[in-house]
Structure formats: C-alpha cells, structure tokens
Amino acid sequence: MPPAAPECDNAAMTYQPVSEALVPESCDLLIEARHVVPIAPRGAVLEHHAVAVRDGVILAVLPIAEARARFEAKETVSRPEGALIPGLVNAHVHNPMTLMRGVADDLPLKQWLQEHIWPIEGAIMGPDYVADGIALAIAEMLRGGTTCCNENYFFPDVQAATYRRHGFRARVGLPVIDFPTAWAKSDDEYFDRAGEVHDQWRHDALIATAFAPHAPYTVSDDNFERIRMLADQLDVPVHLHTHETAQEVQQSQEKHGQRPIARLDRLGLINDRLIAVHMTQLTDAEIALCAARGVSVVHCPESNLKLASGFCPVAKLLKAGVNVAIGTDGCASNNDLDMFGETRTAALLAKAVADDAAAFDAASALHAATLGSAKAMGFDHLVGSIEPGKQADLACVDLSALETQPLHHVLSQLVYATGRHQVSDVWIAGRAKLRDRILVDMDLDGILANARQWQARIGAVKVG
C-alpha cells in the first residue's frame with residue numbers, strides 16, 4: 001500500500017507529514033496491570049499502566065490507553081487486579097542447600113555448621129547435588145516472584161550452567177575457603193578454577209561472577225589479599241559473610257587483634273565491591289566506614305533469627321546512607337526462599353530493633369528487595385526497577401485475594417499482607433517463566449523426584 005499523501009495547507013503552500021504516532025510501533029509483549037510499582041521513584045504506584053517489552057528490554061511504561069494506541073504487541077497480558085513489580089532480587093543464597101531443607105534445625109550457628117552441614121556436604125557434595133538443588137530452588141523462587149539471585153556455593157561451573165539452562169539471572173560466587181573440599185584441594189586450585197569459571201561466563205547476558213570467600217574466620221590474610229587484587233583486575237564484587245555473630249567478632253579479636261571489619265579494611269576489602277552479608281554486630285564507627293566506602297549490606301533476618309545470630313541495625317545503616325539489600329540465605333537455615341516473607345520480616349524486625357514504628361517503611365523494604373539488592377550485586381543498571389532500557393525481569397501479584405482486601409495502600413499490602421502464592425506471572429528478559437501460577441518449561445515432576453532421592457541419600461549420612 002502506498003504511503004498516505006502529505007497534508008497540504010493551501011494558504012501557505014507547505015506540506016506537513018502525517019504524524020508517525022499514528023503508525024503503531026511493534027513490540028513483543030504488552031503487560032497491562034491495575035497497578036505498576038516501578039520502585040524508581042521510590043514509593044510510586046502507577047494506576048492502570050502498561051509495560052511494553054521488545055527483545056527482552058523495557059521500551060516504555062505508560063497508561064494503558066496510550067500503550068494500546070502506540071504499540072502493536074505480539075502478545076498482550078492483561079491483569080486487571082494485578083500489581084506489576086520488578087522481579088524480586090535475592091541477594092544471598094546457597095541454593096544447592098535447598099536439598100538440606102530442615103536437616104538440622106534449632107541449633108546455634110557453630111554447631112549447625114560444623115557438626116551437621118559440613119559433614120553432610122563432605123559426604124554428598126558433587127555436580128549432581130548442585131544441579132538438582134539449584135533446579136529445585138529456581139522453581140521455588142519463580143513461584144515466589146524472584147527473578148535473580150546472588151549465589152554462594154561450590155561447583156560454580158555447574159551452578160552457572162544450571163541457571164543458564166533455566167533462563168534464570170544470577171551472579172555466581174567463586175568460592176575460596178582455607179580447607180580442601182570436593183571443589184578444590186588447595187589455595188591455588190581454588191583460584192585457578194575461579195579464573196576458569198569467570199572466563200567462561202564473563203560475557204553472558206544472564207550469568208555473572210563474584211569472588212565468594214566464605215568468612216573472615218575461614219579465609220587467611222594472604223587469600224584475602226589475593227582476592228582483592230583479582231577482584232580489582234576482573235572488576236567483580238566480593239560476596240562475604242561477616243560480622244554474623246558475636247562469637248565471630250570475639251574470635252577475630254583474639255586471633256588477629258582486630259574486629260573482622262578492621263581486618264578487612266587493613267586488607268583493602270572495605271570498598272564498593274564488598275557485598276557484606278549478615279552484619280549483625282556493628283558499631284556506629286563501622287557503620288560510618290561502610291557508608292563512606294560504599295559497602296552494600298545484605299540483611300537476612302529470618303536466618304539470623306533462626307540461628308540466634310543477632311540483629312542487623314537496618315535503620316542505622318539506611319540513615320548513614322548504606323545500601324541495604326535483602327537475602328533469604330539458604331534453605332538449610334531459613335528454611336525457604338520466600339522473598340515476600342523475608343521482606344515482611346525485615347520491615348517488622350527493623351522497627352523493633354530501632355524502637356521506631358516508622359523505621360524501614362514499606363517503600364524502603366520493597367526497594368531493598370529489588371533495586372537495593374540489584375545495586376549490591378552490581379546489577380542495578382539491568383534490573384531492580386521498571387524503567388525503559390532495563391531488562392524486563394518482572395513479576396505480577398494478584399491482589400484480588402481476600403487476604404489482600406480491602407486494598408487501601410498497594411505498597412503496604414505488598415510488604416505486610418501479600419503471600420508468594422499470589423504471584424501469578426513472572427518474566428525474565430521478557431520471557432515468560434510463570435504463567436497463571438504454572439511454571440513454564442520446567443519439569444516439576446522430575447524436580448520433585450530428584451528431591452526425594454536426595455532426601456534418602458542425605459538421611460543416610462551419619463552426623464553428630
């Protein structure tokens with residue numbers, strides 16, 4: 001069909017082309033929702049808006065009527081009772097340990113780790129265990145609206161391949177610890193294998209890497225210095241448990257004459273690459289140092305509560321300007337990967353710790369579970385908010401259920417009342433991963449069968 005003739009103004013004898021806005025723009029996906037919660041700006045809720053997606057990237061966020069006029073979509077998903085949010089970002093996980101859910105409950109950290117977790121891992125850890133545990137975790141995370149995680153475990157090569165196979169976004173930790181494991185037998189082998197995994201995945205669209213030294217009490221000064229040098233060279237974060245318990249701090253003072261943060265600062269690791277997990281034992285001076293250096297803190301409230309590790313001073317961290325993220329930790333100490341539940345616990349606990357009902361309000365908590373976590377991981381240019389140019393990692397929550405009615409305030413309802421069972425749809429890079437509560441392209445029966453096999457194998461391990 002020939003193009004329309006230009007409009008003519010006979011008096012002026014000038015020609016004006018027909019507006020290009022009258023020609024629909026193509027897109028792959030148009031998601032229409034009753035509420036769109038973009039996260040940036042913080043606290044915003046857009047009513048009756050749509051998100052247009054092409055090639056996995058968000059093109060536009062605009063009112064539904066305007067979206068229908070502007071775009072011709074290959075697929076339109078309409079959720080008239082839904083709240084569309086960025087996919088939740090779990091900033092600290094040990095996802096292979098999903099297969100150890102509930103094996104050693106109601107124990108303090110040291111006894112739980114040394115007398116149960118490490119002996120079981122020594123008996124069963126290997127590539128199949130890692131792959132099957134991560135597949136189970138991915139299914140659980142997707143059904144709960146999580147689209148990205150920060151992984152910290154062994155066999156990062158298997159982790160990366162498994163996340164990639166299922167189209168899940170992850171930053172995979174390159175483990176370093178001062179004793180032999182099934183992954184590596186010596187310091188040099190840990191670093192050699194870390195370099196190999198990083199090189200293999202350095203240009204992938206979904207998978208990135210980080211150094212993951214276990215903790216200050218299991219990593220030497222020499223290895224920390226080596227990590228700092230390589231992290232700078234490779235431009236990757238350092239993902240580390242630290243200041244998790246009072247006992248850890250005391251042992252550091254006895255062995256090194258310094259608290260863990262002071263020791264890490266001496267070794268050059270207190271900087272904007274550091275993803276500091278737990279951080280329950282902090283002085284005001286340590287909080288100020290973290291703020292000045294750009295450290296991100298990952299708050300794992302339910303794991304900390306269950307292991308009686310202590311309380312992260314979230315309100316003080318935020319007031320000082322520290323970026324706060326939220327993580328579930330692993331299923332062996334949580335015992336789930338429910339980011340809605342974790343965010344609710346984080347918000348409530350922060351108020352009690354600060355003795356301030358206004359501390360860590362709903363908007364701040366949801367920000368921490370999305371853009372704050374993405375920033376901690378170095379992914380905030382990609383995900384964590386619903387903005388044009390970012391990856392279309394999105395989750396839709398059905399707020400029509402009686403548990404979230406009446407609906408006075410969307411953000412409050414999402415943080416304080418919503419359950420993960422209300423997540424209806426999930427997309428990663430614009431690809432549907434959950435549709436009407438049904439997982440897309442995942443063999444749920446096979447995942448469950450594998451989990452039952454591991455239940456029998458782990459149950460046969462002698463511990464204690």
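The model is predicted, so local features are given where pLDDT is at least 70, side-chain atom pairs count only at pLDDT 80 or more, and totals for chains, interfaces and linings use all residues. Residues are numbered from 1 along each chain as its sequence is written, and side-chain values use heavy atoms, with hydrogens and water left out.

Start with helix 4, residues 156-165. Helices (H or I, at least four residues) and strands (E, at least two) are DSSP runs, numbered from the N terminus. Helix 4 packs with helix 5 (residues 187-201) at an angle of about 20°, and their axes are 9 Å apart. Axes are lines fitted to C-alpha atoms, for helices over the stretch in contact, and angles run from 0 to 180 degrees between N-to-C directions. Helix 4 and helix 5 are therefore roughly parallel to each other; angles under 35 degrees count as roughly parallel, over 145 as roughly antiparallel, 65 to 115 as roughly perpendicular and the rest as oblique.

Which residues meet? On the side of helix 4 they are P156, D157, A160, A161 and R164, and on the side of helix 5 they are R193, V197 and W201. Five of these contact residues are nonpolar, none is polar and three are charged. Here Ala, Val, Leu, Ile, Met, Phe, Trp, Tyr, Cys and Pro count as nonpolar, Asp, Glu, Lys and Arg as charged, and the others, Gly among them, as polar. An α-helix has 3.6 residues a turn, so residues three or four places apart point the same way.

D157 belongs to helix 4 and is partly exposed, with a relative accessible area of 26%. The cut-offs are under 20% relative accessible area for buried, over 50% for exposed, and in between for partly exposed (1.4 Å probe, protein chains only). Not counting residues up to four places away in sequence, D157 touches W183, R193 and V197, where contact means heavy atoms within 4.5 Å. Along the chain D157 and A194 are 37 residues apart, yet their C-alpha atoms are 9.0 Å apart in space.

Helix 4 also packs with helix 3 (residues 127-143), at an angle of about 40° and with axes 9 Å apart. This contact is made by P127, V130, A131, I134, A135, I138 and M141 of helix 3 and by V158, Q159, T162 and Y163 of helix 4. The contact residues comprise nine nonpolar, two polar and no charged. Within helix 4, P156, V158, Q159, A160, T162 and Y163 are buried. The buried residues of helix 4 pack against helix 3, strand 8, strand 9 (169-176), helix 5 and strand 10 (207-213).

Next come the aromatic rings. The structure holds seven aromatic pairs. Rings of Phe, Tyr and Trp (its six-membered ring) pair if their centres lie within 6.5 Å; planes under 30 degrees apart count as stacked, over 60 as edge-to-face and the rest as tilted. The ring centres of Y129 and Y153 are 6.2 Å apart and the planes stand at 50°, so this pair is tilted. Y129 lies in helix 3 and Y153 in the loop between strand 8 (146-151) and helix 4, so the pair ties together parts that are 24 residues apart in sequence. Y129 also forms an edge-to-face pair with W454, at 5.4 Å centre to centre and 70° between the planes. That pair links distant parts of the chain, as W454 is in helix 15 (residues 444-459), 325 residues from Y129 in helix 3. Both Y129 and W454 are buried. Y129, Y153, F154 and W454 form one aromatic cluster.

In strand 8 itself sits C148, buried with a relative accessible area of 1%. Among the residues that C148 touches are L88, F168 and M377.

The last stop is the backbone. Most residues other than glycine have a negative phi, and most peptide bonds are trans. The peptide bond from A40 to P41 is cis, with omega near 0°, and the bond joining Q405 and P406 is also cis, with omega about -5°. F360 is not a glycine but has a positive phi of about 45°; F360 lies in the loop between helix 12 (339-354) and helix 13.
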